[in-house]
Structure formats: structure tokens, C-alpha cells
Amino acid sequence: KIQELDGEEYIFYPTPKITVALLRGSLADEAGNISFEREPLLLDSLNQAMAAKNNGGLVVVQVQRVVPVGSLDHRRVHIPGMLVDMVVVANSKEHAAVTYAAADEEYDPTLSGELKPLQAAQMEELPWEGPRNACQKRVMAHRALFEVKKPKAVLNFGVGSPEFVATMMASHGHQNPDLKGFMATVESGVWGGVPQGGLRFGTSTGFEAIVPTSTMMDFYVGGGIDYAFLGVGEADACGNVNVSNFAGRVPGVGGFADISANAKTLIFTATLTCGNLVTKVEDGKLIIVQEGSIQKFKKKIDEITFPSASQGHRRVCFVTERCVMELRNQRLVLTELANGMSVDDVFNNMEFKPDVAENLKTYDPRIFQR
């Protein structure tokens, strides 16, 4: 509800009482102490356990195995046994299914840091062809990595298309000298490494540290992110973005609102259209083989998750496979075209026409080198 404080309106969210916490860890000893050595994330498991316990509730923790009291490394115990009411033992595959892996896969030790990934695995390139719109996602992600213009920057990667940017940085980041010493982060609490995508979003291979999610969000809200790479469900001519409720889906806001409100620079990444979009690269140019059936840039969007009025003095841009648009005074301005693309290739696939910069640029030719 809306409340006024010192003449300003604020949204007040009443704190719900947590009475049941369903959590997971790696091992439990017979006293209920829970270790996290095989977990990819800490999340806010400890906070949830404490909240449920303080409210007189129930704390249930899923683990892989129960071991004798005194056999756990106390430095790896994240939830003290005094907070735990019940332990549920899951077999290896059941546990792996909620360790960001398919149910038929085994535990992946590179996600927990138990095993360091080989450098070659971290440097695996995005394919030019294949599933998940490989070509256009690769071009979009490659162009996006050039948006970083500050060495030793703290980067955030959101869910969806930004996952491809993280992968391209691992394999082609050397092409942007300003990426030297950058730190990749994810809102879940991971610092460093290569952020993962799909069902593994929130995890990272080769990471340097893991902190609780609430701690990471405190850092984000304080302005710690230099560059945030965020996805787009749909956007309008004013630069407002919807990622929370569109096309009959309600994925929700997640950390998007806090990140987009406080990051110093915002890079929204998306393909211009979706729905069976097929592209290819030939002779250093992008070619649209089959246009997508769904346009993402619309006159009116269903919901506003990022209001363009909050831009302030920050740089906000939209990077797609065929163009870059900047947000200027609550208007989108076309500033750059992919090699092989024309203004019509952009305008004909949007519900509005953005302004066009006087010095319209083209993409770096290295993006199209196969």
C-alpha cells in the first residue's frame, strides 16, 4: 500500500510471517547441523530458517546424506542444528534435479566449486547454428560486450539473453580492452566465473565467492553495479521495459527492479523479434532468413517493470542482433546498425519508429567473423 513519509510517497510492503521453511543443504549430521559444501548457492537459507524458528514454525531441510555428529567440517555448516526440525534424505539424482541439472543428470561439482572447470570448458564458444536462436543471440551478445567501457567493472547478468553475453565475454572478451579485470556477478550471490543460463541461471562455474542473496542485493541497491545486462520481454517508444507480465506469462520481477533502478549503466539485450526468427551470417553480414512472428518493441506494453523516467543521467541502451538504440529523454534513438541491415529492416519490425541519430554507426566487423 502507498504511505507518505516526509512528504514523499512510498510503497509499503507488510512483512509476512514465515512459519514453514523448506530448504536444502548437502549433508546433515545427527544433530541436524547442515553443511553446504555441495550447494551451488547459499541463497537466504539461514535467514529463512531463523525466521521460521523465531515465529514458532517448522524448518525442513533436504540433504543427500546423514552423517555422525562431529564428522562435519564446522566451517561448512551454514544452518545450525538448533534451527532444524526435520531432515529429508534424497537420492543423488533427486538432489541433482534441484541443483540446476536435469533429473537424469548427476551432480555437477563445477557449480559448487568442489571441482574447478577446465579453462577450455569455460571458454566454450556460442555456436553459429543450432537451437535457441544461436546466430542472432551470438551477434547480439558479441555486440553487447563492447558496451563495457571501464576496466575492473562490476557486471550483473540477468536471466535470458544476458546469459549469452556472459558466455561471449568468456570466449571473446579479449577483443574489448576495457573488460580487463571485470567481475561478473549474479543476484543470487555469485561473484566471478562464468554465469550459467537456462535452468542453471543463478549459478556460475569458476566463481571466486558466494554470498547470501540478501547481501548481494544490499550491494546492488547501494549502487555497486557498473554495468547491468538485462533482458527484455517487451519495450515501448519511451524506453519503458516489461519483463514481469507479457504474452500471457507472469515470470515476475525478481531482482530486476532493484538492479535497473540502481546500476550505473543499463544494457538491455534482446532480439528485435522472436517466434521462429532465423538468421545467418555470410560475407561479414547479417541475413534474416525468416522473420520472427512476434515483435518486442510495441506502441503499448502490458506492464512497466523499468520506467524510463528513472534513467536520470545514466546511459541506457538496447542491443539487438540488428541494431543498437539509446534512451534519450524518454525516446529511443537508433544509433547503430548491424552490417547488412538497413533502417527499414529495423522499422518494419517495430510498432513505432524511433528517432535516428545523425551519425549512424555500424557494428564492429569482428562480430561477423566466423
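A salt bridge, as the term is used in this tour, is a side-chain nitrogen of Lys or Arg lying within 4 Å of a carboxyl oxygen of Asp or Glu. The model you have open is a predicted one, in which local features need pLDDT of at least 70 and side-chain atom pairs count only at pLDDT 80 or more, while totals for chains, interfaces and linings use all residues. Residues are numbered from 1 along each chain as its sequence is written, and side-chain values use heavy atoms, with hydrogens and water left out.

**Stop 1**

Select lysine 53 and aspartate 85, which form a salt bridge whose closest N and O atoms are 2.8 Å apart. Lysine 53 lies in helix H1 (residues 45-54) and aspartate 85 in the loop between S8 and S9, so the pair ties together parts that are 32 residues apart in sequence. Helices (H or I, at least four residues) and strands (E, at least two) are DSSP runs, numbered from the N terminus. Lysine 53 is partly exposed, with a relative accessible area of 26%, and aspartate 85 also counts as partly exposed, at 38%. Here buried means under 20% relative accessible area, exposed means over 50%, and partly exposed is in between (1.4 Å probe, protein chains only).

**Stop 2: the buried face of H1**

Stay with H1 and select Ser45, Ala49 and Ala52, which are buried. Seen down the axis of H1, these buried residues fall within an arc of 70 degrees, so they line one face of the helix; the arc is that of the directions from the helix axis to the C-beta atoms. An α-helix has 3.6 residues a turn, so residues three or four places apart point the same way. Now show S3, strand S6 (58-63) and S8, against which the buried residues of H1 pack, with contact meaning heavy atoms within 4.5 Å. After H1 comes glycine 56, whose phi is positive, near 75 degrees.

**Stop 3: an open sheet**

Select strands S7, S4, S5 and S8, four strands that form an open sheet in the order S7-S4-S5-S8, with mixed pairing. Strand S7 (65-67) and strand S8 (77-79) stand at the edges, each with a single partner strand, so one side of each is left without a neighbour in the sheet. Two strands are said to pair if DSSP finds at least two bridges between them. Strand S5 (residues 34-35) pairs with S8 in the antiparallel sense over two bridges, and isoleucine 34 stands opposite isoleucine 79 in S8.

Next, select serine 26, which is found in the loop between S3 and strand S4 (27-29). Serine 26 is buried, with a relative accessible area of 0%. Leaving aside residues up to four places away in sequence, serine 26 touches several others, including Ser35, Phe36, Val63 and Arg65.

**Stop 4: a nonpolar patch**

Switch to a surface view and select Val20, Leu22, Leu58, Met86 and Val88, which make a nonpolar surface patch of about 450 Å². Patches are made of residues with over 30% relative accessible area and no salt bridge, where like charges are joined within 9 Å and nonpolar side chains (Val, Leu, Ile, Met, Phe, Trp, Tyr) within 5 Å. Strand S3 (20-24) and strand S9 (86-89) each supply at least two residues of this patch. Valine 20, which sits in strand S3, is partly exposed, with a relative accessible area of 47%.

**Stop 5: a salt-bridge network**

Select arginine 315 and glutamate 147, whose side chains meet in a salt bridge (2.8 Å, N to O). Arginine 315 lies in strand S24 (residues 315-319) and glutamate 147 in the loop between helix H5 (134-145) and S10, so the pair ties together parts that are 168 residues apart in sequence. Arginine 315 is partly exposed at 29% relative accessible area, whereas glutamate 147 is buried at 2%. Salt bridges that share partners join Arg143, Glu147, Lys149, Arg315, Glu326, Arg328 and Glu336 into one network.

**Stop 6: helix H7**

Finally, select helix H7 (residues 213-221), where the buried residues are Thr213, Met216, Met217 and Tyr220. Seen down the axis of H7, they fall within an arc of 100 degrees, so they line one face of the helix. Their cover includes strand S10 (154-157), strand S11 (183-186), strand S12 (190-191) and helix H8 (256-262). The tour ends at glycine 223, which follows H7 and has a positive phi, near 95 degrees.

Key
Accessible areas come from the Shrake-Rupley method with a 1.4 Å probe; for residues, only the protein chains shown count as cover.
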